[in-house]
Amino acid sequence: MALKASELKVGDTYSECLVEDLKRTQIVQYAGASGDYNPLHTDEVFTTQVAKYPSVFAHGMLSMGMTGRMVTNYVGDGRLKKFGVRFTNQVWPGDTLNATATVEEITEEDGETVVNLKVETTNQDGATVISGYACARVDA
Amino acid sequence: MAVNKFPVEASHIMMFARSVADDNQIYYDDEYAKTTEPGTIIAPPTFVQASAQFDPDYSLRPKVGAPWFGSGKEPSGIKRESSGGGGGGGGLHAEQHYEYHRHPKPGDILTGETKPGKTWEKEGRRSGKLVFSESITEYRDQNGELVVTARGVGVRTERPVDQ
């Protein structure tokens with residue numbers, strides 16, 4: 001369902017749990033679908049012994065993709081105009097992620113009513129793993 | 001990176017949606033999709049990232065006959081310099097931004113042309129010197145119309161990021 005500007009106010013929030021106990025298999029699934037087969041994400045031997053990380057870790061784009069799901073569930077299908085993030089911490093197998101969109105502004109842009117959202121995804125320790133924004137068309 | 005032909009297909013959208021655990025049926029069921037505002041299956045917001053599948057030179061995909069740096073008998077299939085290892089292959093992803101002029105849908109045949117953007121350096125607390133580089137990709141459809149503008153920022157670290 002699309003959002004209505006008349007029913008939105010600055011500071012409104014929408015949250016979703018993106019994943020509980022992230023599985024290595026989901027990271028493999030993302031590698032296969034996206035085509036990004038960097039061994040850092042799926043190859044524990046390479047990642048620990050050659051790249052010297054404690055374990056494989058998720059593609060930033062997997063976290064962004066799941067965060068995008070929260071955003072589109074909130075703003076509705078086909079409404080997204082802009083979506084951007086910074087990856088601020090790595091996401092590891094076993095992590096539980098929650099994402100929140102916060103209404104920052106309801107405005108007019110190119111003759112359309114849009115909502116500007118702050119987007120943040122945090123892990124089970126409260127650390128921010130994704131920090132970003134989204135802009136979506138809303139009904140007047 | 002240049003992608004000369006990125007055919008957007010419903011089965012690829014389905015697999016991509018599954019991988020980001022998105023069960024919105026607009027990505028799976030064309031009958032359901034007809035009842036939605038777009039009226040068709042569309043791609044999830046980050047789907048154009050999967051254009052890597054159609055980049056013949058994409059470095060993070062094993063290629064027939066070419067050495068691969070992931071593990072086999074040995075921890076890595078190729079000898080690598082020990083310095084600058086933090087990124088593994090191709091560095092780490094620092095930022096990603098998308099602007100949607102419309103949302104891709106099955107039947108689209110996109111092209112992606114990537115141009116380098118800015119580069120800058122920063123001293124990182126957890127990983128030594130950081131070198132950032134930006135790239136901008138314009139995805140256009142079969143009619144030459146701009147569909148998605150993507151801006152990515154990659155970072156190479158001096159050493160693996162401290163945990």
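**Exercise 1. Work out how strands S3 and S4 of chain A pair, and in which sense.**

Step 1. Locate the strands in this predicted model: S3 of chain A covers residues 97-109 and S4 of chain A covers residues 112-122. Strands here are DSSP runs (E, at least two residues) and helices are runs of H or I with at least four residues, both numbered from the N terminus.

Step 2. Read the pairing: the sense is antiparallel, over 11 bridges. Two strands pair if DSSP finds at least two bridges between them.

Step 3. Pick out one opposing pair: A:Thr102 faces A:Lys118 in S4(A).

A word on conventions: residues are numbered from 1 along each chain as its sequence is written, while chains are lettered from A and ligands numbered from 1 in the order in which they are written. Local features need pLDDT of at least 70, side-chain atom pairs count only at pLDDT 80 or more, and totals for chains, interfaces and linings use all residues, with side-chain values resting on heavy atoms and leaving out hydrogens and water.

**Exercise 2. Is A:Leu18 buried or exposed, and which residues does A:Leu18 contact?**

Step 1. Find A:Leu18 in strand S1 of chain A.

Step 2. Check the relative accessible area of A:Leu18: at 4%, this residue is buried. Buried means under 20%, exposed over 50%, and partly exposed in between (1.4 Å probe, protein chains only).

Step 3. List partners beyond four places in sequence: among them are A:Ser63, A:Met66, A:Met70, A:Leu97, A:Ala99 and A:Thr121. Contact means heavy atoms within 4.5 Å.

Step 4. Compare sequence with space: A:Leu18 and A:Thr100 are 82 residues apart in sequence, yet 10.0 Å apart C-alpha to C-alpha.

Step 5. Widen the view to chain A: 55% of its 140 residues are buried.
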